Each structure stands twice: as structure tokens, then as C-alpha cells.
Amino acid sequence: MLYFDNAATTRVQPEVLNSFMKVNQTFFYNPNSPHVKGSEAQRLLEEARAQIRQSLHLNEETIIFTSGATESNNMALKGAAYQKKPFGKTIITSVLEHPSVLEVMRQLETEGFKLKFVNVTDKGQIDLTHFESLLNSDVILVTCMQVNNIMGQIQPIREMSQLLSAYPKVHFHVDAVQALGKQPIVMQDIDSIAISGHKFNGLKGQGLLILKNAHALTPIIQGGGQEFGLRSGTVNLPSDVALAKAIRLAVSHQHVLIKGLKGVNMAIRNQLQQYPGIVVNSPEDASPHILNISFPGVRGEVLVNAFSKHDVMVSTTSACSSKHAKLNEVLSAMNIDSSNILGSIRLSFDRHTSMDDVNRFFEVLDIVYKEVEELLRK
Ligand code: PMP
């Protein structure tokens, strides 16, 4: 089986799974317990936080363990909006965001917040001139992803944070889910960052919210006050220790990984030139772990099934939204025409993707191309 759907989820690294199992067996204690085993568990939890701080070159930021980026995004966006409500009502976002951001935006809108969508360029990036024009004293929250999960394009986070420096009231949230391990995570002038472990060979159900200031959010989960009062509930120590390991592995392998991913990405781009009709949608400077391509005239679902039949797993748009029969908004925002959108698939790679996999993919591509060639609009 060839797995080219790593933007949806990745295979866990054995070392990460081992730490999860080991801590489950030997340190199943509750860090909140008053006895000596509780204190040891608490120490281990703080060691995991310290290791993450070191891996990501963080200073005084608060690290909150969550169940994944959906929770981190909800916590940051609702928490910041509620906290800042007395100072303004405007929130800036874009159609590029993941549903775990966009659906929160829609919810906040029903609660009286004013949403503004920033324009997107043809390369799928935030239009910085338009972004600047939307800024005013009513803006309290801006949210943007670092790397897009459908096309892989990289957003101008640094430029946005520089523009925001004139608006110190604004909470700037970054969804860095598709960036960790492939792009540097830089906290400078950012108020919060969301991360999900299973996107970089960690476990499912583990994530982080990194916060510049622990008091910046109104808690949306009430309870025993764990995780600085922001994420009540018994701490999942085995998961937290395993996540620290997954982050360390991802960050320490970043250079090698990027080089490998670029090789895979370029090889596929080059090979595709031999197939008239196939279009590459991802910009050349996108993150190399994502390659979005179109077979105009053919449906994405048909392609996914055709590749599946030959044991190659690819995705239509994102696994989260591919079941909804709506033209993908990310591709629409990039002015990609509708037959290209309908015929688009996403190939995504990780540290396990080898050149042997790429060669096997070429064999299957050749077969699938012949199967759908009649439908292709060349
Ligand atoms: N943001 C982005 C950009 C994503 O790709 C995903 C996962 N598809 C999420 C947020 C949500 O992460 P999770 O499903 O782990 O909560």
C-alpha cells in the first residue's frame, strides 16, 4: 500500500508510541494527586513542557496540552474573542482556514462579533494590502494558518504580525498544524499557535496551544483548573510525554525531511509534465509535503477510487471536507476554474515517503491516466 495522504494524518513513530506505552505502564498517576507519585508525575509533565520549550525555542510562553488542533483553535479563538469583547467586535480571517477555525468564526458571528474576510491572491496567499486596509481600532482578533492543508501554500505570517504591531490590542492566532516539522515555528509577535501531534508522526488526540500570555484567554472549559485554568480535565501524561518526543523528532529531522520532501515533490512535478491535461495547482514555493493536482474533466472522487484500486491512497481536497459536495473554497479563492477544482486531488508525503514509493506511484499514475484519459479535457 502506498500512503500519500499524510496531510490528513501520519503514521506514528515507534519511539513516540513507546514513550506513550511506557508512561502509561509506569507513570499512570495523576499529576494533581497530593502523594509522592502525584508529584513525580507532575515533574514528568513539567519536563515534557520544558522539552517542547527547548525544541521550539520558546521562552516564557505557556504550553497547554490539548486533544488536537481543533480544540486548540476553539480554545484560542473563542477565548480571545470573549476576553477582548469590551474593546471591539471585529475579527479578521480568510476562506483558506480549516473548518476548526471557520466554524468557530461562524459561531462567533452569531454571538455578535463582526467577521471580515481578507482577500486571497491567485497563489493562495493573504493579500497584505487588503489585510492592512481591514485593520482598524475595532479589530480584536486575527487568525491565519501558516501552511494550507489543501494546497500547501505558505502564508506571510511575519508580514502580517509586522502590520499588526501598530494594533497592540489584536490577538493574533496562527494555526501551524501543517507547518510543524516542515517550517520554522516562530512565536515572535504571535499571541497563540495551534499544533496537532498526528500530523508529524505523533499520536492522534494530542495537540498544543502555545500562548504568549496565559491570561489572554477566557477559559471555554471549566472544571478542576488544570493547564493554567484553561483546559480543565485530568492531564493525559502519557500523551503529553509522547508529544514532547514527537516534536523533538520532527524538529530535529526538519532539514533532512525538507530535503527529502522536495526531492519527492520535484520528481512528481517533473513526471506529470509527460501527461497532457494534468495540471499542478500547488504553487512552486508551497510546502513540499503537499502537492495538489487536477485532472480536469474527471471527478476527484473517481480518481481517488481509481488510485485506491491500485493500493495508492490519495485524497480529494481535505479529508475533513471531502464528504461535502461543495466546490472547494480554497481552490475557488485562488481563481482555479471549476473543472480543475472538481478534478483535483491532493498527494501528501512525510518522512516515510521514499523514491521507491515515488516510482511505484508513477506506475500506477500511468495506469490511472490511461483509465481516465478519454474524460480528460486536454
Ligand atoms: N488545522 C489544519 C490546517 C489542519 O490541517 C487540521 C487537520 N486536518 C486541523 C486544523 C485540525 O486538526 P485535528 O483534526 O488534529 O484537530
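Analyst: Happy to. Let's settle one term before anything else: contact means heavy atoms within 4.5 Å. Also keep in mind that this is a predicted model.

User: Got it. Which residues in α9 meet α12?

Analyst: On the α9 side they are L303, A306 and F307, and on the α12 side F361, V364, L365, V368, E371 and V372. By class, this contact of α9 with α12 has 8 nonpolar, no polar and 1 charged residues.

User: How do I describe the way two helices pack?

Analyst: In general, two packed helices are described by the angle between their axes and the distance between the axes. Here, helix α9 covers residues 300-309 and helix α12 covers residues 355-372; they pack at an angle of about 130°, with their axes 10 Å apart. That angle makes α9 oblique to α12. As for handedness, α9 passes α12 in a right-handed crossing.

User: At what angle do α8 and α12 pack?

Analyst: Helix α8, residues 254-272, packs with α12 at an angle of about 20°, and their axes are 10 Å apart. So α8 is roughly parallel to α12, given that angles under 35 degrees count that way. The crossing of α8 past α12 is right-handed. From α8, the contact draws on G263, V264, A267, I268, Q271 and L272, while α12 supplies M355, V358, F361, F362 and L365. Sorted by class, the contact of α8 with α12 has 9 nonpolar residues, 2 polar ones and no charged ones.

User: And what about α1 and α7: at what angle do they pack?

Analyst: Helix α1 (residues 14-26) and helix α7 (residues 237-252) pack at about 155°, with axes 8 Å apart. That makes α1 roughly antiparallel to α7. α1 passes α7 in a right-handed crossing. In α1, the residues that take part are E15, V16, S19, F20, V23 and N24, and they meet L237, P238, S239, V241, A242, K245, A246 and L249 in α7.

User: Let's move on to a single residue. Where is R231 found?

Analyst: R231 sits in the loop between β8 (207-211) and α7. Leaving aside neighbours within four places in sequence, R231 is in contact with I64, F65, T66, S67, E71, M75 and Q226.

User: Last topic: cavities. How many are there of 30 Å³ or more?

Analyst: The idea is that a 1.4 Å probe fits in a cavity but cannot get out. In this model the count comes to 1 cavity of 30 Å³ or more. The largest cavity has a volume of about 80 Å³.

User: Which residues line the largest cavity?

Analyst: The lining is made up of T10, L180, G181, K182, K199, F200, N201, A250, H253, L257, D350 and R351. By class, the lining of the largest cavity divides into 4 nonpolar, 4 polar and 4 charged residues.

Definitions and conventions
Residues numbered from 1 in each chain as written. Predicted model: local features only at pLDDT ≥ 70, side-chain atom pairs only at ≥ 80, totals over all residues. Heavy atoms only, no water. 1 Å grid on protein atoms, 1.4 Å probe; cavity = no way out; pocket = protein on both sides within 12 Å on 5 of 7 lines; lining within 4 Å. Points joined across faces, edges and corners; volume = space filled by probe spheres on them. Nonpolar A, V, L, I, M, F, W, Y, C, P; charged D, E, K, R; others polar. Axes fitted to C-alpha atoms, helices over the stretch in contact; angles between N-to-C directions. Helix = DSSP H or I, 4+ residues; strand = E, 2+ residues; numbered from the N terminus. Parallel < 35°, antiparallel > 145°, perpendicular 65-115°, else oblique. Left-handed = near helix turned anticlockwise from the far one by under 90°.
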